[in-house]
Structures are given as structure tokens and as C-alpha cells.
Amino acid sequence: MVIDSISNGIVIDHITSGKSMVLYRYLNLEKLTCSVAIIKNAPSSKNGKKDIIKIDELIDINVDMLGYLDPGVSVNIIKDGVIVNKFQPELPERLIGVIKCKNPRCISQEEQELTHIFKLTDREKRIYRCIYCEAGSSAVN
Amino acid sequence: MRSIIDILDLSVEEIDSLINTACDIIENPDKYCDKCKRKKLATLFFEPSTRTRLSFEAAMYELGGNVIGFSAANNSSAAKGESVSDTVKTVSCYADIIAMRHPKEGAPMVASMAASVPVINAGDGGHNHPTQTLADLLTIYREKGSFNNLTVGLCGDLKFGRTVHSLINALSRYSGINFILISPDELKLPDYVTNNVLKKYNIPYEETTDLLEAMPKLDILYMTRVQRERFFNEQDYIRLKDSYILTPDKLDTAKQDLCIMHPLPRVNEISVAVDNDKRACYFKQVKNGKYMRMALILMLLGVE
């Protein structure tokens with residue numbers, strides 16, 4: 001299958017196979033008016049299969065969100081047909097406005113417009129805790 | 001400007017300093033009677049309290065200051081839906097320091113982010129209660145002389161008992177502490193305390209359901225109430241509320257210098273007959289709490 005290469009945009013590569021739609025939704029890519037290609041189950045020398053998202057425009061993407069949802073991805077920033085920056089988002093130390101606390105006793109459930117903030121407390125087990133109530137939340141695998 | 005939301009907001013050295021100040025207040029109360037003249041403490045209690053609110057108020061009066069505030073959410077604009085942030089921004093215009101109790105976990109932290117004066121967490125749901133811990137620490141210090149090499153039994157509701165979580169955090173910073181966690185399976189210490197404190201810092205602990213078996217080993221027995229207000233299901237509360245009731249006969253095998261503590265209020269988990277035992281320290285905790293709150297108010301207001 002051939003997808004045109006992009007000259008100015010972003011390629012999110014090495015997405016865990018089957019996760020591209022999750023990233024698509026969380027990154028709000030459906031709101032873009034430019035071309036967005038989702039390639040599922042592309043061959044991968046490392047994992048056998050992978051997904052890829054190509055965005056035909058340079059946009060601000062939420063790197064923390066990417067690192068949280070699928071820390072193995074690589075992000076390629078392309079300008080004039082050349083990769084000018086390539087990086088792998090890490091599991092972020094803090095998640096600001098990414099996930100919501102589910103503890104019904106937490107103040108974040110009722111305080112008006114309070115930003116939900118989580119801090120990483122166990123990188124190995126990928127555990128985040130709400131800064132307000134300390135309830136835990138595991139990063140998506 | 002600084003707030004105290006969690007007992008870990010205070011270093012070991014600062015806790016030592018607060019204990020020294022509290023002991024000096026006990027010895028020389030007259031020296032402190034005008035320290036907070038013209039200062040106002042706001043007690044914002046969105047949840048009922050006897051001891052904590054009155055203790056804060058008594059503390060401020062004994063420092064020569066004044067007190068404003070409310071003692072229930074329905075006495076404030078919270079009943080109209082006002083946010084915690086807006087409430088404390090308003091109160092910051094009137095008071096020099098705020099003590100807040102709120103049923104929602106994390107509410108005092110939200111308050112401290114919005115307020116322009118220091119905020120003291122006076123209890124947030126089942127989460128933290130740092131000034132109770134300060135009262136507990138002064139009691140242990142005065143009864144035992146130090147915080148090192150103690151076997152501390154925590155008994156009852158260890159899941160929702162905020163005083164227990166704060167006390168574990170505080171005592172884990174001293175050497176030779178050994179915890180015995182006594183609770184029904186349903187009310188065991190939450191994983192985040194076990195993993196983030198006890199296991200993380202290699203603090204020796206054992207979990208048991210048997211108070212009598214643990215009794216002879218204990219230097220401190222910290223009893224807690226099973227709190228009706230923390231349960232969503234009344235049946236669960238009824239099933240668990242009488243799990244542990246301390247009576248004089250259960251103390252037969254206890255050490256002679258055991259220190260029996262309870263954050264109060266009690267319902268029936270310590271028999272009134274135990275009050276006459278010289279090892280009962282829970283009303284001393286109440287008094288010690290006032291002195292530690294005085295010391296904390298002085299520290300946060302920067303009063304020498």
C-alpha cells in the first residue's frame with residue numbers, strides 16, 4: 001500500500017499495533033482539516049506489526065499524552081520533506097489535564113474547572129497518582 | 001507564604017522545632033499570650049468537628065489572636081455551590097491564616113493553591129490530618145521521650161483512617177520503628193501507603209486481624225473508630241463497626257508502659273473503663289493538640 005510522503009507535517013511511528021485509533025481520538029485528530037493517514041498493521045522489524053499516523057500539517061501535539069498512552073512511539077517532525085526532529089516521548093512526570101481522577105471522594109469531582117493533575121510515582125509499574133487525593137491510576141498499556 | 005497540607009510538608013527538623021516550641025508553651029504560657037495580637041484565624045469547617053475546630057480556636061485565643069469562620073458547610077456559601085477556591089480567596093481578604101476541614105480529599109490543597117494566606121489542613125476526608133499527627137507526635141514524645149525504637153500497633157479502620165496514614169508517614173522517618181497493623185481484611189491499610197511508605201523505606205511491619213496476639217509486643221496502641229461517614233454502604237459499616245473493642249481485660253498482657261492513643265471521637269472501640277488506666281493517653285492527646293497547633297500557627301505566621 002502506498003501513502004504519499006508528506007513535506008510538512010508529523011509522522012507518529014512505531015505505534016503499538018492496534019493503538020492508532022486510541023491516539024487519534026485522544027489527540028483530537030478528527031478536528032483537523034488536513035489529510036491524516038492511519039496505517040494499521042504495517043510490518044515492523046522490532047515488533048512484527050505496528051501502526052503509523054501521518055499528519056499533513058505541522059500542529060502542536062500533546063507529547064505528554066503520547067508518552068502516557070504509548071511510550072514506545074517515535075515522533076518525526078518533517079519540514080520541506082526532511083526530518084528535522086525525531087524523538088521518543090517518555091512517560092511524563094506530570095499529566096496535566098490528560099486523565100481524570102475517578103475517586104468519588106476527590107475534590108476534583110466537584111470543584112469548578114479544576115485541572116486534573118497526576119504525578120508519576122512509580123515509573124516501572126507506570127503508576128500515576130492524583131495530586132489532590134493520591135488515588136492511583138495505571139498508565140494505559 | 002507556606003501551607004501545611006500533609007505531615008510530610010514538615011521536615012523532621014521542623015517537627016522537632018514545633019515540639020520544642022510546644023513544650024516551651026506548656027512551661028511558659030504567659031510568654032505566648034500576646035504573640036498573635038491583631039491576627040485572625042479563619043476556621044473553615046465544611047464537616048462537623050468538636051476537637052479540631054475548638055482546638056484551633058483555643059490555640060489562637062491563647063496566642064492573643066481572634067477567630068472567624070463557620071462550623072458546617074450549610075453555614076457558608078458552599079451551600080449555594082461556591083467553590084473551595086472562591087471561598088478561600090474571599091476569606092484571604094479577612095484572615096491571616098486559614099484552618100480548613102473538608103469532606104473531599106485534596107480540598108485543602110486546592111485551597112492552598114488559591115489562597116493568599118497560609119492554609120492548614122484540618123482533615124480532608126479519609127486522606128490526611130497533619131495537625132492530629134502533630135498532637136500524636138507530641139504525646140509520644142512526652143510519654144516515651146523519643147520516637148526511636150518503638151513498636152506501634154495501629155488498630156481498627158486503617159483504610160479510611162486519615163490519622164493513621166499521616167502518623168505512619170511521620171513515624172517512618174525515625175529509626176527503629178516497627179508497625180503492627182491490626183484490622184479486618186476489608187479495612188486494611190491502602191496499597192498506596194503500604195507501597196509508597198512502608199515497603200519503599202523498608203519499614204518493618206506485619207498485618208494481623210488479632211489484637212490480643214499483638215498486645216504484648218506494643219509500646220504504642222493507636223486505636224481508631226470505624227467511621228460511618230466514610231462508607232457508601234450502611235450494611236458494610238454495621239458489619240465492621242464493632243471489630244475491635246478495647247476493654248480492661250484485653251490489657252492484661254500489655255506492657256506496663258504501653259501508651260494507649262486514639263484520635264477521638266470514640267464510639268465504643270475503647271471502653272470507658274479503660275479511661276482510668278494510667279496507660280490511657282487519649283485525653284492527653286487532645287491537650288497536646290492545642291499546644292502543637294499554637295506552635296504551628298506561630299511558625300506559619302512567622303511570629304518569633
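Select Ser44 of chain A: Ser44(A) stands opposite Gly48(A) in β3(A). This is a predicted model, where local features need pLDDT of at least 70, side-chain atom pairs count only at pLDDT 80 or more, and totals for chains, interfaces and linings use all residues. Residues are numbered from 1 along each chain as its sequence is written, and chains are lettered from A.

**Chain A: the sheet**

Now select β3, residues 48-55 of chain A. Seven bridges join β3(A) to β2(A), and the two run antiparallel. Strands here are DSSP runs of E, at least two residues, numbered from the N terminus.

Widen the view. Five strands form an open, antiparallel sheet, ordered β2-β3-β1-β4-β5. Two strands pair if DSSP finds at least two bridges between them.

Which strands stand at the edges? Select β2 (36-44) and β5 (82-87) of chain A. Each has a single partner strand, so one side of each is left without a neighbour in the sheet. From one strand to the next, the twist averages 20°.

**Chain B: two helices**

Select α3 (84-92) and α4 (107-114) of chain B. Helices are DSSP runs of H or I, at least four residues. The axes of α3(B) and α4(B) lie 8 Å apart, at an angle of about 50°. Axes are lines fitted to C-alpha atoms, and angles run from 0 to 180 degrees between N-to-C directions.

Show the contact (heavy atoms within 4.5 Å). From α3(B), pick Val84(B), Ser85(B), Val88(B) and Lys89(B). From α4(B), pick Ala107(B), Val110(B), Ala111(B) and Ala114(B).

Technical notes: Heavy atoms only, no water.
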